[in-house]
Amino acid sequence: MSDPDELLVQPGGSLGGTVQVPGDKSISHRAVMLGALGDGVTEIRECLLGEDVRATMGAFRALGITIDEHEGGRLIRVHGRGLRGLTAPREVIDMGNSGTSIRLLTGILCGHGLAATLTGDASLRGRPMRRVTDPLAQMGANIATASNGTPPLVIAANPGLRGITFPLPVASAQVKSAVLLAGLFAAGETTVIEPAPTRDHTERMLAGCGVALSVEGPRVSLVGGQRLGPSTITVPADLSSAAFFIVGATISPDSDLLLTNVGVNPTRTGVLSVLAQMGAHIERLNERSIGGEPVADLRVRSAALHGVDVDPALVPLAIDEFPILFIAAACARGITRVRGAAELRHKESDRIATMAAGLTAAGLSVTTFEDGIEIEGGQLRGATVDSHGDHRIAMAFAIAALRASGPLRIRNAAPIATSFPSFVPLARAAGLRL
Ligand code: S3P
């Protein structure tokens, strides 16, 4: 019997047809969260129903919010209870694998002043949380972590936070968002200053809910106590999920693939910039805006790639796409170098080490650094690779089979369901041999 936690992908093939990948994970989390804090019912269309967003939905249900699903999951209604309408949870809240859920919810719970304990799976319990607990403590919150700054997070009730001005030590949209969400409840003004641009979905969605916030270059400020209106949100298809198909169609011969309704917010499109520099053919068609987010259809055709030195300024704009970009690099002529990417070591797995191990097993020559990697393109061979429970690494190696000389067996593939539950059927329909 085949192991449900293992993927076996046969080599070769090409990708074609039209694919709409599921809704954007970052936007879906925020839609549920801001809907819960809104006055009235927020309707979310095309919400991602992967395990991570389900963890956010479960958390808000535990906080007294009714969330119901209609039209087979294509429409979600979040019955918001206003800015201070959450109730203290009776039990520990388990955020599973989801860093966005735990970090943003910590900001909301501290802002609200509610006591709660938040935990997650083994991967999440290994991830750094001081980056959010430190600024929240400066605002007046009291949060205990495990001794190395990891979950569980034990949040004490508090009588109210005060606004701060916080220069972010790392370029992180999760930290920015956690502080801004806490700032919604705080006395006075809360300002975050980013060292480099990161995804701005929180700012766009807050504005869409009627919150006045000011964005001046790297500074984002809002005054606490503002009410959020309910909204109607259509979630664009997730560029981070589309990226697997974009690279797959690029590296495999005779491919011609159309990806529809893809979010192309400029704080997310680093992957498209890097691939264009490597020689990819990606056309943006039908560019439009859906609910405050830019969206396009992307037509991708096969191309011969060459190695590049990735501009460190693009790293935060492509932060989730490096596993699949490393597969593009493996299929390119020459060497690709990525530096200034130490954050990759703090994702669902240490993505520098996990990708290097998999690429080496598949016969490539790689050199790793604390903050990056050098990959020399070459012939991938059949191999067994371990995703270390990291959804994006499992999907990246599945796509790599398009150019491998033998089958790729991927261990620990079940976490694909955290961000892209329909990956296997969509990839199979497009031409991947799995
Ligand atoms: C996310 C921000 C990024 C990203 C994560 C989703 C978000 O994390 O890697 O997958 O939704 O804000 P960091 O803020 O830690 O860079």
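Visitor: Are Phe244 and Phe423 buried or exposed?

Guide: This is a predicted model. In it, Phe244 and Phe423 are both buried.

Visitor: How many aromatic pairs are there?

Guide: Two rings count as a pair if their centres lie within 6.5 Å. The count comes to 5 aromatic pairs. Take Phe244 and Phe423: the ring centres are 6.3 Å apart and the planes stand at 75°, so this pair is edge-to-face.

Visitor: Which helices hold Phe244 and Phe423?

Guide: Phe244 belongs to helix H7, residues 239-251. Phe423 belongs to helix H12, residues 423-430. The pair therefore ties together parts that are 179 residues apart in sequence.

Visitor: What kind of aromatic pair do Phe420 and Phe423 form?

Guide: An edge-to-face one, with 5.5 Å from centre to centre and 70° between the planes. Both Phe420 and Phe423 are buried.

Visitor: Now the ligand. Which residues are around the ligand?

Guide: Among them are Ser26, Arg30, Thr100, Arg103, Gln174, Asp320 and Lys347.

Visitor: What lies 2.7 Å from an oxygen atom of the ligand?

Guide: A polar side-chain atom of Ser26 does. Thr100 also places a polar side-chain atom by a ligand oxygen, at 3.5 Å. With Gln174 it is a polar backbone atom, and the distance to an oxygen of the ligand is 2.8 Å.

Visitor: How much of the ligand does the protein bury?

Guide: The ligand taken alone exposes 390 Å², and the protein buries 95% of that.

Visitor: Last, the sheet. What is the order of the strands in the open sheet of 4 strands?

Guide: Strands of a sheet pair through backbone hydrogen bonds, either parallel or antiparallel. In this open sheet the order is S6-S7-S9-S8, and the pairing is mixed.

Visitor: Why is one side of S6 and of S8 left without a neighbour in the sheet?

Guide: Strands S6 (93-94) and S8 (143-144) stand at the edges and have a single partner strand each, so one side of each lacks a neighbour in the sheet. For S6, 2 bridges join it to strand S7 (residues 116-119), and the two run parallel. Ile93 has Leu118 as its bridge partner in S7.

Key
Residues numbered from 1 in each chain as written. Predicted model: local features only at pLDDT ≥ 70, side-chain atom pairs only at ≥ 80, totals over all residues. Heavy atoms only, no water. Phe/Tyr/Trp six-rings, centres within 6.5 Å; stacked < 30°, edge-to-face > 60°. Buried < 20%, exposed > 50% of the residue type's maximum accessible area, 1.4 Å probe, protein only. Near = heavy atom within 4 Å. Polar contact = N/O pair within 3.5 Å; in protein donor to acceptor, adjacent residues only side chain to side chain. Areas by Shrake-Rupley, 256 points an atom, 1.4 Å probe, with all protein chains shown as cover. Pairing = 2+ DSSP bridges.
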